[in-house]
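My entries follow in the order of the look-ups.

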Amino acid sequence: MSAGLVDRVRARLVAENGEATPGRVAAALRAEGIVLGDDTVLELSGRLRSDLVGAGPLEPLLALPGVTDVVVNGPRSVWVDCGDGLTRTEVTFEADDEVRALAQRLAASAGRRLDDASPYVDARLGSGIRLHCVVPPIAVDGTLISLRVPSARRFRVDDLVARGAVDAEGAALLRGMVSARLAFLVSGGTGSGKTTVLGALLGEVPHGERIVIVEDASELAPEHPHLARMQARPANIEGAGQVTLRDLVRQALRMRPDRLVVGEVRGAEVVELLSAMNTGHEGGCGTVHANSAEDVPARLEALGLMAGLDRQAVHALMAAGIDAVLHLGRDDGRRVIAGVHLLRRDEAGFVQTVPALVRVDGRLVPGVAMSALAERLAGA
C-alpha cells in the first residue's frame, strides 16, 4: 500500500474528526476509489490509530516487555532499550517530516508547543511516558525524540536483589540506612536506574511516615500508603504560570513531611533541599546526575553556586545535611548499585566522599568508611 494512499486516508479521518475504526477506514478507502480485504482494512486501521492517537511506528516498541527507552535520531535511526542497553531497530520513517509531525502531535497531547519558535520540549504524556523532542535546525540530522517509559510495576528492594542489582548483604544495609533515617542521594548517569532504586528504598519507609515527593516530571511511585506527590509546571506560551522545583520544595516544607524527596536535583532547588536537610527533616533523599560518587560534591557545589550560595556555604550544608551517596552504574549492561559512599570534610572544610561499600565481582564489599557507616546505623 502506497504511502500516498495512507496519507490521504489519514487526512480524510482528520478532516472528519473521526476515529480510525475499520468502518471509517473502509469508507475513506471507498472515497478514494479503493476496495481492500477485511484483513488489510484491519491492519490499516490499527496503523492509523497509532498515527492519530498513539506513538505511530513507535507504538510496537513501547509495548515490548521491559522497555525503558525508545529514541529516534532522525527518520532512519530508531533505537530501543529493554534493560540491556540501546539496540537499533528496523523501524524507520519515510522522511523527517513524518518524525516531526509525530513529535509535534505528542507534544500537543501534553499541552506543549513544538515549532521553530520553541524547538524543544520536555513533558510527560498522559500514559506517564516522559517525552523529550528537539526539531531542526537545532537538531542537525533530523528530529530527535526520546521516550522514557515508566515501569509498569513498583519495585521493592527484594526485586533489586532478584535482578542482581545488589546482593542480600548490601540490601540489608540499604534497609538499615532507610530505617536509621540517613539522608542520602542516589547518583548515576542517565538511564542508570536512579528512579527505580530510589522508589524501591522509599518502599521501605515505615507506613506511619508521610513522604512528600517533588519532581520535574512525575516518575516516582513507591509502594507506600502515605504519599503526597507534586510536579513542576513550565510556563505557558505567554510565559506565565511557571511552577519550579524550587517553588515546590518550599511548599513541601510546609506540608509536614516525614521524608522530603526531590526526584532529581538539577537546579536552584538544591538550596532548599540542603537547607531542609539541616532543619530537622531527617531521612530526606533525592537523585542527582553524576559520573561517580566522588563527583557528587562538585556537582552540588556547581548547582549551589548557580543558585547564589558561596562555596563554603554549599559544603557546610552538604557536610551537615547529607549522610551518604548511593551510586549506580552498569555491569555487563545490567543496572547495578556500584557503591555506597559517606561524606566527610577535609582539612580545608570541603566535602569529599569516602567509600563504605564498593562493588567487586558482583558483590558489595566493605570500603574504608564501612566502620563509620556501621557506627551511624548502630547509633540510630
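In which sense do β13 and strand β14 pair, and over how many bridges? I found them antiparallel, over seven bridges, with β14 covering residues 351-360. I took helices (H or I, at least four residues) and strands (E, at least two) as DSSP runs numbered from the N terminus, and counted two strands as paired if DSSP finds at least two bridges between them.

Before going on, I noted that this is a predicted model, in which local features need pLDDT of at least 70, side-chain atom pairs count only at pLDDT 80 or more, and totals for chains, interfaces and linings use all residues. Residues are numbered from 1 along each chain as its sequence is written, and side-chain values use heavy atoms, with hydrogens and water left out.

**Sheet.** I traced an open sheet of nine strands with mixed pairing, in the order β9-β8-β10-β11-β7-β12-β13-β14-β15. Its edge strands, each pairing on one side only, are β9 (227-231) and β15 (363-366). From one strand to the next the twist averages 25 degrees; angles run from 0 to 180 degrees between N-to-C directions, with axes as lines fitted to C-alpha atoms, for helices over the stretch in contact. Opposite Val340 I found Leu357 in β14.

**His341.** I located His341 in strand β13 (residues 334-345). Is His341 buried or exposed? His341 is buried, at a relative accessible area of 6%; the classes are buried under 20%, exposed over 50% and partly exposed in between (1.4 Å probe, protein chains only). Leaving aside neighbours within four places in sequence, I listed its contacts (heavy atoms within 4.5 Å), among them Ala293, Asp323, Val325 and Thr353.

**Salt bridges.** My search of the whole structure returned 23 salt bridges, each a side-chain nitrogen of Lys or Arg within 4 Å of a carboxyl oxygen of Asp or Glu. I looked up Asp69 and Arg148, whose closest N and O atoms are 2.5 Å apart. Asp69 lies in strand β1 and Arg148 in strand β6, so this pair ties together parts 79 residues apart in sequence. Asp69 is buried at 11%, while Arg148 is partly exposed at 27%.

I then checked Asp323, one of the His341 contacts, and found its side chain in a salt bridge with Arg376 (3.2 Å, N to O). Arg376 belongs to helix α13 and Asp323 to the loop between α12 and β12, so parts 53 residues apart in sequence are tied together.

Last, I noted a network of salt bridges linking Asp122, Arg130, Asp216, Glu219 and Arg266.
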